[in-house]
Amino acid sequence: MAIVQSSLSRWWNRGAIALVLVLLVIMMIPLYWIGSTAFKARADTTTVPPTVFFKPEITPFIKLFTSRVQERGEPDKAAYAKAPWWEKQVMDGGDRFIKDAKGNIESSGYVSRFVNSIVIAVTSTFLAVALGTLTAYGFSRFRMPGEDDWLFFILSTRMLPPVVVAIPMFLMYRAVGLVDTHVGLIILYTAFNLSFSVWLMKGFIDEIPKEYEEAALVDGYTRMEAFFKIVLPQATTGIAATAVFCFITAWNEYAFALMMTNKNAQTAPPYIPSQLGSGLTDWTVIAAGSLLFLIPVALFTFFLRDHLLRGVTFGAIRR
Amino acid sequence: MSQPALTGSTQSAVPAQSDAGRGMSDLAIRNWFIIPTIVFLIVFNIFPLLYSLGYSFTDYRASMNDPVRFVGLQNYRELLEDEYVWANFVLTAKYVIMSVAGQVVVGFGAALLLNRSIPAKGVLTTLLMLPMMMCMAVVGLFWQLLYNPSWGIVNYVFFTEGKVWLSDPDVALLAIAITDIWMWAPFVMLLSLAGLSAIPPSLYEAAAIDRASRWFVFRHITLPLVAPLLLIAVIFRTMEAFKTFDIAFVMASMDETELVAIKLYKMAFQEWQTGRSCALAYIVLLAVLAITNVYVKYLNRLKAR
Amino acid sequence: MLKALSRIVAAAALLGLAQVAAAQGQLTILWAQWDPANYLQELVKDYEKQTGTKVVVETTPWPDFQNKAFKEFTAKGSAYDMVVGDSQWLGAGSTGGHYVELTEFFKKNKVAEVMAPATVAGYAEYPGKSGKYWAIPLEGDATGFSYRKDWFEDPKEKAAFKAKYGYELDVPKTWKELGDIAEFFHRPKEKRYGISVYTDNSYDALAMGIENVIFSYGGDLGDYATYKVGGIINSKENIEALKFYKRLYGYTPPDWGKTFFQEANQGITEGLVAMSMNFFAFFPALANPTTNKYAKVTGYFASPKGPTGKQFAALGGQGISVVSYSKNKEQSMKFLEWFIREDVQKKWADLGGYTCNAAILKSDAFRKATPYNEAFYQSMFMVKDFWAVPEYAELLTAANKRWHSFVVGGKGTADEAANGLAKDWEATFKKYGRAK
């Protein structure tokens with residue numbers, strides 16, 4: 001921005017920061033609500049009028065990891081007396097644990113789905129970004145016959161609602177044996193994200209002046225070396241942004257995860273709303289599940305924040 | 001060697017051999033970089049697309065084992081003659097415009113505000129992006145709670161005591177659009193911010209020396225340089241807005257909020273009219289293709305400038 | 001890093017394969033994700049103890065339950081041995097060849113005599129009155145009402161009610177009384193409302209709510225045998241019923257245009273409404289004092305009578321069928337034989353499942369077991385269902401559109417809605433070659 005900051009522009013700056021903060025508060029209110037619901041007692045979630053101040057508890061998280069069933073009346077007194085404090089809290093909430101033959105509490109499957117999510121999202125993001133960057137570079141630097149059409153084709157793969165391709169996709173996967181496998185979902189998400197990653201990376205790579213590579217080529221670099229040593233480093237913002245978006249898409253994907261997986265490879269998103277079947281939805285558990293699920297993706301973005309904001313700093317030559 | 005770029009094009013004439021004969025030729029690189037992706041996408045998408053295209057010409061119902069009858073264009077004809085389908089399209093178009101416009105205003109606006117040196121900019125940006133990181137199904141569920149006048153907080157935040165949002169035919173669509181904007185404006189914001197950060201300060205300095213007005217700077221420096229990325233954001237958000245299903249389905253079930261994707265879902269997975277739903281999907285696809293085509297042509301023109 | 005990633009993926013794939021291998025020799029039942037499925041999972045542990053065969057209840061959320069089941073059927077997959085399907089799936093399941101016909105099983109085990117007759121007709125028989133059976137009634141369900149006993153028994157309220165309407169305030173015996181009570185308790189300024197009724201349009205909630213009233217008013221959804229709907233779906237009685245339902249909607253809390261079972265219960269637990277219509281399957285949450293602070297003063301009653309004395313409850317509930325593509329059909333049959341035993345049915349009822357066994361339903365032990373079981377028992381002998389033909393969902397979509405538009409959207413008149421629906425349904429039946 002301007003080198004010399006006049007007092008007017010300082011006021012503009014302050015005004016802008018104030019507006020940003022206002023926007024931040026407004027955007028955060030629903031998230032705050034979801035987050036606080038994760039710590040509420042079940043009875044506080046849908047009170048009339050809404051409960052803003054409450055005594056926090058970690059019962060929702062206990063419930064998140066365990067298999068439970070709703071009690072139809074008062075909890076069994078004998079079992080209540082014997083139970084450890086965390087089990088008592090769950091019983092206070094009107095549930096009881098499902099225990100297996102040996103008396104161990106059965107886990108709810110949230111952890112395994114969380115792990116599935118991580119494996120599938122990380123792998124497919126990596127593949128989508130890598131392939132996308134290569135393809136984007138190819139389209140950006142070289143002329144390809146029918147290039148606009150190819151690019152448009154790539155874009156169009158993302159236009160159909162999943163509903164429509166669900167059945168043939170399901171049949172296709174069944175035939176190949178990929179239903180309910182990690183590999184199946186990884187391939188699916190990579191394909192799904194490719195269109196976005198190609199387009200976005202091409203947008204970024206187009207902004208990088210060709211002159212640098214040409215200078216490098218003159219200096220004796222091969223094209224590949226120029227790609228890896230000159231173009232990629234300058235494209236870090238693009239790679240970071242693409243990685244973030246692809247990861248978010250794969251992480252939160254719901255429709256295909258629900259359709260294509262059952263127990264083995266199911267990710268967390270189809271699982272989190274599973275509380276909806278009971279007569280009274282336990283919003284606290286859904287909130288707790290969502291909150292925990294938000295953490296990896298938020299951390300991922302946070303760690304990449306500097307790359308996201310860097311921009312292409314070599315401004316000497318511009319088109 | 002490749003010609004220096006005189007115009008906006010960043011493409012080299014192909015093929016060209018690298019001088020020392022080491023490494024791969026440009027042609028080889030181009031092919032190896034591009035073709036695997038294209039082949040992968042074709043293989044992956046071609047079967048489902050052809051399959052559903054085939055279905056669309058039949059009266060197939062996936063829930064039954066009846067013999068499949070070829071009906072030609074009957075499905076398409078019936079759908080295009082159905083006034084409800086047209087009403088649906090108009091409604092969806094309204095929704096897309098509302099939602100994408102809102103996302104651009106909020107997102108681009110936020111990016112403009114953030115494009116300066118602010119303390120903790122990275123943290124702020126990450127926080128502002130949190131809505132986008134939530135799972136759509138969960139967002140719809142919770143916003144449904146939030147909009148309820150009895151136990152939700154939206155009426156308290158907007159000071160609209162007792163206002164009914166999701167059951168009011170006039171406001172329901174807007175309510176869903178607001179949720180959509182809340183969730184996806186950060187997407188537009190991030191892309192715009194990346195574009196804005198790439199504008200070299202020297203341009204602004206030159207403009208300041210020339211005493212250019214803020215509006216002039218915005219219109220002639222900022223906007224054109226950020227336009228490509230902004231347009232990519234708009235293209236993708238438009239495509240996704242046409243496909244909106246999760247939030248709308250979970251939050252409201254009025255006639256006035258039946259978006260095309262919801263109709264598709266009901267047709268395909270409640271009524272099991274598989275053939276007909278594929279026909280509708282292809283009609284939607286053609287519409288989206290046409291609209292996106294316009295955007296892409298505009299984007300290409302921008303880039304060529 | 002790529003190497004580490006590929007190792008993770010390979011390990012996960014191996015894990016997946018191992019799990020598939022372990023799945024042989026075990027039975028898999030598919031159901032929706034809700035408490036009865038949890039109760040079933042507890043119940044089948046007994047089967048494992050007694051016979052050594054492990055039974056796994058796989059669940060999926062309600063909105064996607066039909067999806068998942070029928071996709072598997074389309075692919076002729078063997079992932080599920082049995083499915084606890086909705087009563088409306090009988091048409092598609094039987095004519096589509098997805099269910100194993102159980103008529104012989106019924107005859108051999110005298111199932112039709114053991115289970116309540118209305119449940120056999122609703123959950124097992126297709127086509128109607130044909131004597132062909134496709135499922136064992138597993139979870140009985142019907143619509144019923146919960147209400148605030150304390151509001152009803154408050155002497156001041158009773159006095160005011162008697163003064164205004166001329167009869168005692170009590171559990172309504174007719175729909176007219178129910179309407180009066182809803183009107184009486186509808187006090188928006190005090191944030192108290194008369195009633196909660198189903199209005200959710202996304203699947204069958206609204207239709208279930210309205211068909212309750214239609215049946216009790218003496219109307220019907222059509223002739224199930226000849227598929228004639230003109231003059232029946234838009235009969236005088238149906239139009240009266242529609243108008244009445246719209247009147248009831250006027251007594252609901254604000255923003256009540258997309259309500260199904262959760263909101264119906266929340267109306268009671270948050271102290272908003274005097275009465276709430278809901279399926280019995282969701283009443284356990286109301287009886288639990290920790291989830292419903294008004295549990296002790298919440299009462300339940302069955303659907304009231306219509307003006308001509310007819311009384312019906314909308315059928316919910318599911319029956320368990322054997323999937324014809326399963327690889328364990330014999331074992332599934334054995335499991336079903338075990339399931340219909342009276343002692344197992346009794347344990348099923350004790351755990352929380354809604355048995356359809358007539359003897360148990362009639363028994364005092366069952367009727368007194370929970371506050372709502374008495375009303376449930378009454379309801380199960382007067383249930384009536386929506387269409388179960390394979391194209392039922394199209395009928396449902398049309399009904400939802402017309403009825404929701406009138407009741408919630410406030411558009412058009414009841415006559416227009418009913419007549420429009422008759423046209424829609426006639427067109428649908430014509431399309432499938434049922435009507436002449």
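## Chain B: contacts and fold

Among contacts in chain B between residues at least 6 apart in sequence, 68% join residues at least 24 apart; two residues are in contact if their C-beta atoms, placed from the backbone, lie within 7 Å. This is a predicted model, in which local features need pLDDT of at least 70 and side-chain atom pairs count only at pLDDT 80 or more, while totals for chains, interfaces and linings use all residues. Residues are numbered from 1 along each chain as its sequence is written, and chains are lettered from A and ligands numbered from 1 in the order in which they are written.

Chain B has twelve helices and zero strands. Helices (H or I, at least four residues) and strands (E, at least two) are DSSP runs, numbered from the N terminus.

The C-alpha trace of chain B spans about 65 × 60 × 30 Å along its principal axes. The radius of gyration of chain B is 24 Å, whereas a compact globule of 305 residues would have one near 19 Å. This radius is taken over C-alpha atoms, and the globule rule is 2.2 Å times the number of residues to the power 0.38.

Of the 305 residues in chain B, 49% are buried. A residue is buried if 20 or more other C-beta atoms, placed from the backbone, lie within 10 Å of its own.

On the side facing chain A, 100 residues of chain B are in contact with 93 residues of chain A. Helix H1 (residues 26–56) of chain B supplies the largest share of the chain B side, 16 residues. That side has 71 nonpolar, 20 polar and nine charged residues. Here Ala, Val, Leu, Ile, Met, Phe, Trp, Tyr, Cys and Pro count as nonpolar, Asp, Glu, Lys and Arg as charged, and the others, Gly among them, as polar.

The contact between chains B and C takes 24 residues from chain B and 28 residues from chain C. Helix H11 (residues 260–270) of chain B gives the most to the chain B side, with three residues. The chain B residues there divide into 13 nonpolar, eight polar and three charged.

## Strand S3 of chain C

Strand S3 (residues 82–86) of chain C is largely enclosed by the rest of the structure, because five of its five residues are buried.

S3(C) runs parallel to strand S1 (residues 26–32) of chain C, joined by two bridges; strands pair if DSSP finds at least two bridges between them. With strand S10 (residues 318–322) of chain C, S3(C) pairs in the antiparallel sense over five bridges. Met82(C) in S3(C) stands opposite Ile29(C) and also opposite Val322(C) in S10(C).

How values were computed. Buried ≥ 20, exposed ≤ 12 C-beta atoms within 10 Å, placed from the backbone.
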